[in-house]
Amino acid sequence: DICPVGALTSTDFRFKKRVWFLKTAKSVCTHCATGCNIKLDWDDASVYRYRPRENEAVNQCWMCDEGRLSYKFINDATRVLDPLMKKEGKLQKVEWSEALQKVLNVCGGSLGDVKVVGVLSAQSTCEENFALYHFIKNGFKNSKFLATKKEVENPSHDNFLIDADKNPNTNFLSLLGVGPLVGGPVGISTHSDEFPTGGIYFVLDYLTEVQKEKIIAANPRLVVWMTSNLSESGTWADVILPKPTFAEQNGTFINRQKRIQKADKAFEPKGHAKPVWETLAELAQRLDKPVSWNSAETVFAKLAQELKELNGVNYKQIGDQGLMTK
């Protein structure tokens, strides 16, 4: 996207795909809190490259090399394509109906004082986080919310493109009043009461190894993990529900400037993955706690009603260049 005659090309992309076969979606880089505007080039449900998309207020016409190469998890072999359930200590592929019934059997019973814990993620979209927040807050009497964020040692950063916060949506968690876990080892709270004993846990996206150990130590009644990628065994969770990456759904992020930006859906979710809002809407309906949304846009409409910083905002107003929150 720099060389005007194509003499200089990207080694990562060279000879991978004829450019005239590629389709392009307007999106946002999720590698850090800057939220560079990008063109996401794809074909046949695979992403081949990111290119910068001009936005003078965010990244001008640039993007960093780290962000440029951060698309590969979308195509990775670690993608979760079917629901998984732990049986005899091992994860086994199951149908959606069986996985959801397992969740319903636990959540629909007489829970008494059992806490239902939502672990939100600064890696996930506003819509995914809010759907989980709303589902738990309005569906269960005894609820608690935690949040996690990706942290790296000695994170690269500069005064323009690269932010030390390697999460695209830390600021949305702040709007919800659910701060990322901090202190102690990277990304983990040192307070023992952060992880209630015997609770039911709904976890979005990303946890550190220490956080997983903390949840296991809390002897949970059930752990439901909604994720797009499974980079290790995952047997710390009882049920794993596959969700799309940001490239496979519409969604929004609030960057370090507190600018809300929209990432457009490029292609359909891989395998049998379902959006978080859709999964939770089905669970809520079957728990007799129906929700009002039926798309990412209607989830956003609901969160814009509840958060004063986003009152009156809709997808059309956000547009291609984003909108500063109040």
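Which residue forms a salt bridge with Lys 17? The legends below begin with this pair. The model is predicted, so local features need pLDDT of at least 70 and side-chain atom pairs count only at pLDDT 80 or more, while totals for chains, interfaces and linings use all residues. Residues are numbered from 1 along each chain as its sequence is written, and side-chain values use heavy atoms, leaving out hydrogens and water.

**View 1. Salt bridge between Asp 43 and Lys 17.** The partner of Lys 17 is Asp 43, with the closest N and O atoms 3.0 Å apart. Asp 43 lies in strand 2 (residues 37-43) and Lys 17 in the segment before strand 1, so the pair ties together parts that are 26 residues apart in sequence. Strands (E, at least two residues) and helices (H or I, at least four) are DSSP runs, numbered from the N terminus. A salt bridge here is a side-chain nitrogen of Lys or Arg within 4 Å of a carboxyl oxygen of Asp or Glu. Asp 43 is buried at 11% relative accessible area, and Lys 17 is partly exposed at 22%. Buried means under 20% relative accessible area, exposed over 50%, and partly exposed in between (1.4 Å probe, protein chains only).

**View 2. Salt bridge between Lys 243 and Glu 128.** The side chains of these two residues meet at 2.9 Å, N to O. Lys 243 is in the loop between strand 10 and strand 11 (251-254), and Glu 128 is in helix 3, 115 residues apart. Both Lys 243 and Glu 128 are buried.

**View 3. Helix 3, residues 126-139.** The helix has 14 residues and spans 19 Å from its first C-alpha to its last, close to the 20 Å expected at 1.5 Å a residue; the expected span is 1.5 Å times one less than the number of residues. Eleven of the 14 residues are buried, among them Leu 132, Phe 135 and Ile 136.

**View 4. Surroundings of Phe 202 in the largest nonpolar core.** This core has 55 residues, of which Leu 132, Phe 135, Phe 172 and Phe 202 touch the most other members. A nonpolar core is a set of buried Ala, Val, Leu, Ile, Met, Phe, Trp, Tyr and Cys residues joined through side-chain atoms within 4.5 Å. Leaving aside neighbours within four places in sequence, Phe 202 is in contact (heavy atoms within 4.5 Å) with residues including Val 103, Leu 132, Phe 135 and Leu 283.
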